[in-house]
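Hi there,

Here is the structure I promised to pass on to you. Have a look at it first, and then read on for my notes.

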Amino acid sequence: METDQLKIPKATAKRLPLYYRFIQNLYQSGKQRVSSAELSEAVKVDSATIRRDFSYFGALGKKGYGYNVQYLLSFFRKILNQDEITKVALIGVGNLGTALLKYNFTKNNNTKIVCAFDENQEKVSQKIGDITIHSMELLEQILSTEEIQVVILTVPALAAQLVTDRLAKTEIKGILNFTPARLNVPSHIRVHHIDLAVELQSFVYLIKHYSNEEVVVGD
Ligand code: ATP
C-alpha cells in the first residue's frame, strides 16, 4: 500500500503514535497477536474507534483473530516514518527549554533535538547533555546546514512572533509552540500550540465539573 499517499482524518493521525508505542511494548514482551478490545483497554480509546482508525489502512486484522503484532509494528513504523529521524531545533533555553532538551525524545520516538539557540550570550556555547546552545546570529545558517524540519519554541511570549518571522523565511516545516503567544505563519509552516498553563487550567476545570464523565482520548 502507498502509505505516503494516504489521507487519513487528523484525529486518527494523532492517535497513531499512541498505537505505535503500545504495539512496540507488546512486541518487546513477545506477544504475537492482540485484539481490538485489548488495544482499547491499553490505550484508552474505544474499540469501535480503533477498528475505524485501522480500517483506513486496509485489512490489518482478521475477525476472531485480532491483529498480528509484528505486522502492525512494521506497518506503523513505515507509516510514522520511524526509520527516518526528524531533526528538531529548540529556541529559548530557559527553564522549560532546558527540561525539554534533557528529555530523551528518541527513546520512543523518531525525532531528535540536535541543536538549541538562545539570545543570552552567557548561555551560548554551553551544552545541555550533548546539545550545544548556539547564538541567534547563526539561526538561519544552522537550520539550513542541519536540515532542521521542526522548531520547538520556548522563548518568552513577547519574543515569539519576532523569532517566528525569522523562521518563516527558512525551510522549516513546523513549529511546536510552547509560548502562550498565537503565532502568524505562512501557509507552508504548520504550528502546533502547547500552552501548559491553559492545559492545566482546563484540566482542573474538567475534574471539578465533569468528574464522573469519561474523557475521550484524542478528541
Ligand atoms: P530563565 O530563568 O533561564 O531565563 P525562563 O524560562 O524563566 O528561564 P524566559 O524569560 O521564559 O526564561 O526565557 C526563556 C529563554 O529564552 C531564556 O533563556 C532567554 O534568554 C531566551 N530568549 C529570550 N528572548 C529570546 C529571543 N528573542 N531569541 C532567543 N532566545 C530568547
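K87 is partly exposed, because 15 other C-beta atoms lie within 10 Å; a residue counts as buried with 20 or more other C-beta atoms within 10 Å of its own, as exposed with 12 or fewer, and as partly exposed in between, with C-beta atoms placed from the backbone. You will find K87 in strand 4 (residues 86-91). Helices (H or I, at least four residues) and strands (E, at least two) are DSSP runs, numbered from the N terminus. Leaving aside neighbours within four places in sequence, K87 is in contact with K112, V114, E146, E147, I148 and Q149, where contact means that the C-beta atoms, placed from the backbone, lie within 7 Å. The C-alpha atoms of K87 and Q149 are 6.1 Å apart, although 62 residues separate the two along the chain.

Please keep in mind that this is a predicted model: local features need pLDDT of at least 70 and side-chain atom pairs count only at pLDDT 80 or more, while totals for chains, interfaces and linings use all residues. Residues are numbered from 1 along each chain as its sequence is written.

Now the overall picture. The protein chain has 8 helices and 10 strands, and 22% of its 219 residues count as buried. Of the contacts between residues at least 6 apart in sequence, 55% join residues at least 24 apart.

Seen as a whole, it is an open sheet of 7 strands in the order 6-7-5-4-8-9-10, with mixed pairing; two strands pair if DSSP finds at least two bridges between them. Strand 6 (127-128) and strand 10 (190-193) stand at the edges with a single partner strand each, so one side of each has no neighbour in the sheet. Strand 4 pairs with strand 5 in the parallel sense over 6 bridges, and A89 has C115 of strand 5 as its bridge partner. Strand 5 also runs parallel to strand 7 (residues 131-135), joined by 3 bridges, with D118 bridged to S135 of strand 7. Strand 6 and strand 7, on the other hand, pair in the antiparallel sense over 2 bridges, and I128 has I131 of strand 7 as its bridge partner.

Which residues have the most contacts inside the largest nonpolar core? They are A89, L90, I91, A116, V151, I152 and L153, in a core of 25 residues. A nonpolar core here is a set of buried Ala, Val, Leu, Ile, Met, Phe, Trp, Tyr and Cys residues joined through C-beta atoms within 7 Å. At least two residues of this core come from each of strand 4, helix 5 (95-102), strand 5 (111-118), helix 6 (139-145), strand 8 (150-153) and helix 7 (157-167). Another core, of 9 residues, lies apart from it, with Y20, I23, L26 and F76 among them.

F76 also belongs to helix 4 (residues 69-79), whose buried residues are V69, L72, F75 and F76. These lie on the same side of helix 4, because they cover an arc of only 130° around the axis, the arc being that of the directions from the helix axis to the C-beta atoms. What covers them includes helix 1 (10-28), strand 1 (33-34) and strand 3 (66-68). After helix 4 comes N81, with a positive phi near 55°.

Of the 18 residues around the ligand, G92, G94, E119, N120 and A159 come nearest; a residue is near if its C-beta atom, placed from the backbone, lies within 6 Å. Helix 5, strand 5 and helix 7 are the elements that give two or more residues to this shell. The shell divides into 10 nonpolar, 5 polar and 3 charged residues, counting Ala, Val, Leu, Ile, Met, Phe, Trp, Tyr, Cys and Pro as nonpolar, Asp, Glu, Lys and Arg as charged, and the others, Gly among them, as polar.

Finally, a few exposed residues. L162 sits in helix 7 and is exposed, with 9 other C-beta atoms within 10 Å. S125, in the loop between strand 5 and strand 6, has a positive phi near 80° and counts as exposed with 10 C-beta neighbours inside 10 Å. E147 lies in the loop between helix 6 and strand 8; its phi is positive as well, near 55°.

Best wishes

Note on methods:
Contact = placed C-beta atoms within 7 Å.
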